[in-house]
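Here are my notes on this one, put together while going through the coordinates. Have a look at the structure first, then read on.

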Amino acid sequence: MVAKMADYAGACHRAALRADPVGSNPPFALRAGTWPRAAHGSADFRRGLAYPTVIRSAIWSKIMSRFWSPVVHSLSPYVPGEQPKQDGIVKLNTNENPYPPSPRVLAAIASATDRLRLYPDPRASALRETIAAHYGVEPEEVFVGNGSDEVLAHTFQALLKHDAPLLFPDITYGFYPVYCGLYGIRYEEVPLDAAMSVQIADYRRPCSAILLPNPNAPTGIGLPREAIGRLVAEHPDQLVVIDEAYVDFGAESAVPLVAHHDNLLIVQTLSKSRALAGLRVGFAVGQRPLIEALERVKDSFNSYPLDCLAIAGAVAAIKDDAWFQETRQRIMANRQSLVRALSGLGFEVLPSVANFVFARHPSHRGADLAARLRQRGVLVRHFQKPRIEDFLRITVGTEEQCSRVIALLRGLI
Ligand code: PMP
């Protein structure tokens with residue numbers, strides 16, 4: 001048994017090195033997907049724990065503390081894409097906007113510094129009113145949080161913890177199983193179809209709730225609003241949460257459906273289409289009882305998740321619609337050129353309506369391409385996960401950044 005554990009730990013370590021050859025991430029902070037396939041069939045893995053508890057204990061016993069709450073021992077934290085310290089890197093790995101936010105955002109933040117002495121508005125009323133006016137809903141139908149990750153976290157705790165399992169796609173945003181682990185939520189992963197699309201008919205199974213990103217990440221494939229409407233109508237007694245982090249790059253938002261369905265919650269972010277990932281602002285739109293549940297959790301956790309600079313900047317960002325339209329159109333145009341160029345190099349590119357593309361080459365391993373691009377100063381995202389290990393997720397950058405990645409790939413394949 002001990003020898004087997006040692007073998008296993010060795011395999012894990014080698015997988016870690018393959019995933020991160022220059023070792024910029026600590027080896028104990030790896031995602032589930034970076035561990036050997038053998039672990040994937042285990043009960044721990046299916047429950048959202050990345051690899052068997054006994055192995056984790058063996059590897060981590062040195063860094064664990066006897067002071068930890070029991071749940072902390074079983075957490076498998078999400079590992080975000082790398083944020084390099086050095087300048088000059090072409091960063092196409094975390095789906096940030098390559099263009100700056102509206103100059104009005106910067107002006108609004110500068111003038112809000114007068115109020116730093118005071119606590120911010122705990123309700124963030126100005127922002128909720130601005131979002132409500134923009135999307136044609138009531139302020140009481142809007143919840144705001146410190147990035148949509150926080151909005152999602154509160155959603156998991158407030159609305160998604162029931163006896164029956166929560167459903168979400170098998171290939172999707174890696175934070176979902178992490179929240180399930182944190183809050184002790186049962187979940188089932190529903191496989192994408194052979195074309196990597198979500199089929200809403202596959203969600204006709206016993207569940208407490210359904211969570212879908214639209215467009216999905218990391219595939220970039222979107223569902224039409226009409227399909228979301230059917231899903232919500234087919235599950236009148238289950239909450240349907242749609243994570244629209246990337247919706248502004250060509251997909252259809254389901255916000256207009258909220259008025260007709262008490263079981264629909266939409267989550268959005270200002271991190272992507274409004275170029276404010278660093279400000280940390282996200283929001284949810286849903287009927288009042290859903291928003292009330294989120295408020296209750298938020299007010300039991302942190303009264304002031306949005307600081308006064310974030311509130312001021314976010315209000316200005318939503319109001320500057322011209323800037324928003326221009327940058328998202330530019331990104332969509334860049335995406336078109338990037339897809340064309342990748343296809344020309346022989347890549348299979350999934351049909352993306354997001355600010356990233358998901359592509360694989362028939363004769364090159366995804367991990368190798370990602371590592372070689374990285375050596376040449378271009379970061380893209382690679383997931384060591386079954387079905388998608390040969391794909392690269394490439395954020396749509398500026399015209400120059402897209403040309404750079406294409407020029408490098410041309411030399412590599
Ligand atoms: N949902 C999805 C699908 C994402 O990819 C991300 C970004 N990693 C988020 C939500 C969270 O974004 P943020 O917390 O920056 O709003």
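The points below go through the helix packing, the sheet and the ligand shell.

1. Before anything else, keep in mind that this is a predicted model.

2. The crossing of α6 past α11 is left-handed.

3. Who makes that contact? On the α6 side you'll find Ala 126, Leu 127, Thr 130, Ile 131 and His 134, and on the α11 side Ile 311, Ala 314, Val 315, Ile 318 and Lys 319. By type, the contact of α6 with α11 splits into 7 nonpolar, 2 polar and 1 charged residues.

4. α11 also packs with helix α5 (residues 103-112): their axes come within 8 Å and cross at roughly 150 degrees. Angles over 145 degrees count as roughly antiparallel, and α5 and α11 are therefore roughly antiparallel to each other. This crossing of α5 and α11 is right-handed.

5. For the α5 contact, Arg 104, Val 105, Ala 108, Ile 109 and Ala 112 meet a set of α11 residues that includes Cys 308, Leu 309, Ala 312 and Gly 313. Val 315 of α11 is in this set, and Val 315 is also listed in the contact with α6. The tally for α5 with α11 is 10 nonpolar, 1 polar and 1 charged.

6. Now the sheet. It is open, with 7 strands in the order β2-β8-β7-β6-β5-β3-β4 and mixed pairing. Its edge strands are β2 (142-145) and β4 (187-190), each pairing on one side only. From one strand to the next, the twist averages 20 degrees.

7. Pro 169 sits opposite Val 190 of β4. α7 packs on the sheet, where it touches β2, β6 (239-243), β7 (264-269) and β8 (282-286), and its direction makes about 155 degrees with that of β7.

8. Last, the ligand. Which residues surround it? They are Gly 147, Ser 148, Asp 149, Tyr 173, Pro 213, Ala 217, Asp 243, Ala 245, Thr 269, Ser 271, Ala 277 and Gly 282. Helix α7 (residues 147-159) supplies the largest share of this shell, 3 residues. Sorted by type, the shell has 5 nonpolar, 5 polar and 2 charged residues.

Technical notes: Residues numbered from 1 in each chain as written. Predicted model: local features only at pLDDT ≥ 70, side-chain atom pairs only at ≥ 80, totals over all residues. Left-handed = near helix turned anticlockwise from the far one by under 90°. Helix = DSSP H or I, 4+ residues; strand = E, 2+ residues; numbered from the N terminus. Contact = placed C-beta atoms within 7 Å. Nonpolar A, V, L, I, M, F, W, Y, C, P; charged D, E, K, R; others polar. Axes fitted to C-alpha atoms, helices over the stretch in contact; angles between N-to-C directions. Parallel < 35°, antiparallel > 145°, perpendicular 65-115°, else oblique. Near = placed C-beta within 6 Å. Pairing = 2+ DSSP bridges.
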